[in-house]
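Please find below a colleague's note on the structure shown here.

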Amino acid sequence: MKSALALLLGMLFLTACDAEVPPAKMTSGDQLYAYYCKECHTYQGLGAELQNLPAGVSQLQVHDVVLIIKHGYQFGHPMGHFPDLSNEQANTVARYAVDLRRRQREQRLQQDTQSVD
């Protein structure tokens, strides 16, 4: 009886771990980016991790990215919008994207510095 109960609890625990978080409940930038952004950015050639964004785009600040996420962008490289995201979610995914671009720039600078040495 105890082993059957332990097995049942273990199965419930594993099932809960595998359950997909509904978009409205997502709170982390990587979850939100993976759900809303990654596939299209990959398909459009911008890179799954934004590595192929045009140079000027890397100058965008969090508030700029929030506006694009909530209202779209139709100049040069059109982007749809996601009005269903809460303001908090839009801010979270925008901070994630801006930080991702910053880390990529830092890595490139480090690589360039190492190749010069």
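Predicted model: local features only at pLDDT ≥ 70, side-chain atom pairs only at ≥ 80, totals over all residues.

1. Residues are numbered from 1 along each chain as its sequence is written, and side-chain values use heavy atoms, with hydrogens and water left out.

2. The chain has five helices and zero strands (DSSP runs, H or I of at least four residues for helices and E of at least two for strands, numbered from the N terminus). Of its 117 residues, 24% are buried (under 20% relative accessible area; exposed is over 50%, partly exposed in between; 1.4 Å probe, protein chains only).

3. Helix α2 (residues 29-36) and helix α5 (residues 87-116) have axes that come within 8 Å and cross at roughly 90 degrees (lines fitted to C-alpha atoms over the stretch in contact; angles run from 0 to 180 degrees between N-to-C directions). The contact (heavy atoms within 4.5 Å) involves G29, D30, L32 and Y33 of α2 with Q89, T92, V93 and Y96 of α5.

4. The whole structure holds three salt bridges (a side-chain nitrogen of Lys or Arg within 4 Å of a carboxyl oxygen of Asp or Glu). D99 pairs with R102 at 2.2 Å, N to O, and with R103 at 3.4 Å between the closest N and O atoms. R102 also bridges to E106, with closest N and O atoms 2.8 Å apart.

5. E106 is partly exposed at 43% relative accessibility, as is D99, with a relative accessible area of 26%.
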